[in-house]
Amino acid sequence: MVAPSHTRCAQTTRSISFIPISQHTANKQLLESQLISLLHHCTNLNHIKRVHAQIIRHGLHQSSFLLAKLIRTLTKLNAPMDPYPRLAFQQVKQPNPFLWTSLIRGYSFQRPLNDSILLYNSMRRVGTGPVSFTFTALLKACAAALDADLGRQIHGQTITIGGFASDLYVGNTMIDMYVKCGFLDCGHKVFDEMPDRDVISWTSLIVGYARRGYMDSAGRLFDELPLKDMVAWTAMVTGFAQNARPREALCFFDRMQDAGIETDEVTLVGVISACAQLGATKYANWVRHVAEKSGYGPTNNVVIGSALVDMYSKCGNVDEAFKVFDNMRERNVFSYSSMIVGFAMHGRANAAVQLFHEMVKTDIRPNGVTFIGMLTACSHAGMVEHGRHWFATMEKSYGVTPTADHYACMVDLLGRGGCLEEALELVRTMPMDPHGGVWGALLGACRIHANPDVAELAAVHLFELEPNGIGNYILLSNIYASARRWDDVARVRKLMREKGLKKDPGSSWVEGKKGKIHEFFAGDVTHVKSREIRQALDDLVNKLQLQGYKPNLSCVPYDVSDEDKKRILMTHSEKLALAFGLLSTSAGCTIRIVKNLRICEDCHSVMCGASQIAGREIVIRDNMRFHHFSDGKCSCGNFW
DNA sequence: GTAGGGTTAG
């Protein structure tokens, strides 16, 4: 017999069998395990309620065993513990520790943490002893709430109650709790004192070191780890990727494959992130091939898809990013935000806006990152009014409260757009303390609009907030240099010397034949083809000069002769990379260059001219954004 | 019941 409601349900979701009452007295244990199995396959709240009705019909509503499974299933489906699971729990006269703990754990996934603690105290009051599962549930809740004080108290209980501190599961969860709360040393102490450890204990600690940026310590632990599994290897790959060490991440992935370890989607996400940082087409195509070969193609996997969208954008290929995005079967806020940020970086503000509207229509709610993308898109396109609109509506219409990062974007937008006073006013009136990003945006705007006075004000705050941020000193020095205030330039440079800060050398790299990467530093003459590169650059500049190009000497922030300035300009790393790209790739090939610093105005105009004379598309990723040069024009509209 | 993941501005 099948109830009508059941038939309706079976059309859309997995069906729930009913167990005839006549069987129930035959074997209670068998019945319990059948009901457990039904709960195990429940995929929604209605399924669970129907199985619960069966539990009651069979007179098993006092079974802690069944009710614990019921609550764990509800937890898995992210159902609230009030009122339904709580009421089901209250009907059990003598709940066993597992049932108590299931409810404690259920509450722990949904803050406040207090509910879990109150229940734990009630459990102790009625004289029910905890089990190790109780402590893992409580510790996990502390980790999620980043409440190390409470975590310490629970740690204390595992010792005083006895026996639990030596439990492997409790120990592992404790390491994870301390690590997540930022107490790496306490996590390490727990690890040292554990009588038994497994690969999970080691990995928890490795991740702790990796997240703090201590990759050397993480590596030493990894080397000592007797049996390394896929998760441990992945922790290292991801650790390097998250610490901006993409080459080492890829190297580790190679080692992982050589060791015959399987790869899953989490590993791939780390590898894709490393490739995104390198920004090289060769690696981008390689990792996509690896992902597809391993069965994690972007079409069916939303996380891999979103990571690839980000990677292609960062590799300068925003069209390919959109192709991936367009073919994804499922999209979420990460996919949309990655694509919007991608469009923003490439100066395609209208595409970003269009995608935003589409996202809202599909009922995916934008988050803070989405609006960072929207504001950046407007900023890079000089769309001040549009930016004002998004900033004003993000909270009112979409419930996203602006953070200091959003204020930084607004300061950037207003500042670049020439509204320096308004930008300064926004910094003064923002509801939270401005961080380095906010003052940095203002300082950047002062460079564009040559305003040394406001720059000084921003720099005072920046030097305090980021005393070792070399870029800020250089920016201020360059702003003084543009105003020919050489004494002030000297003063900033002296300050840098006193602090022992050294300027990062400008470097650019370009992919040559077969994807080989060639890196150039400013003034570099070490490349084997250095003479040909120099000659190609001279030829190019001669042709440009015939069309009216004049070297922009204000791009050299030194008090030297004009001849010296011209010489220095011709050795900028992106020009060397361009000349090499022209020499080493065939006509019609796009030249892709990555630069570690911001591209200067002179190089920017040379790139514009070169794209026309050589008939080539040139894509440059600098430390701010992408520039697409084609037919003598740049996608940034000379506004960057 | 315990470990690894994607989007963020100057």
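How many residues lie between β1 and β2 in the hairpin that they form? I will come back to that, but a word first on what we are looking at, which is a predicted model in which local features need pLDDT of at least 70, side-chain atom pairs count only at pLDDT 80 or more, and totals for chains, interfaces and linings use all residues. Residues are numbered from 1 along each chain as its sequence is written, chains are lettered from A and ligands numbered from 1 in the order in which they are written, and side-chain values use heavy atoms, with hydrogens and water left out.

Chain A is divided into domain 1 (31-204) and domain 2 (507-634), with bounds that come from an automatic or database domain assignment, and the C-alpha centres of the two lie 61 Å apart.

Now to the hairpin, where 5 residues separate β1 from β2, and where Lys-514 in the turn has a positive phi of about 55°. Strands here are DSSP runs of E with at least two residues, helices are runs of H or I with at least four, and both are numbered from the N terminus. β1 (residues 507-511) pairs with β2 in the antiparallel sense over 5 bridges, where pairing requires that DSSP finds at least two bridges between the strands; Ser-507, for instance, has Phe-521 in β2 as its bridge partner.

Let me turn to DNA strand B, which has 55 residues around it, with Ser-132, Asn-172, Asp-229, Asp-405 and Gly-436 coming nearest. Sugar and phosphate make up 44% of the atoms of DNA strand B that come within 4 Å of the protein, and a residue counts as near if one of its heavy atoms lies within 4 Å of the strand. Helix α12 (residues 199-211) gives the most to this surface, with 6 residues.

Some side chains approach the bases themselves: a polar side-chain atom of Asn-172 lies 2.4 Å from a base oxygen, and one of Asp-405 lies 2.6 Å from a base nitrogen. For Glu-265, an N or O atom of the side chain is 2.8 Å from a base nitrogen.

How values were computed. A polar contact is a pair of N or O atoms within 3.5 Å; within protein, one must be able to donate a hydrogen and the other to accept it, and residues adjacent in sequence count only if both atoms are side-chain atoms.
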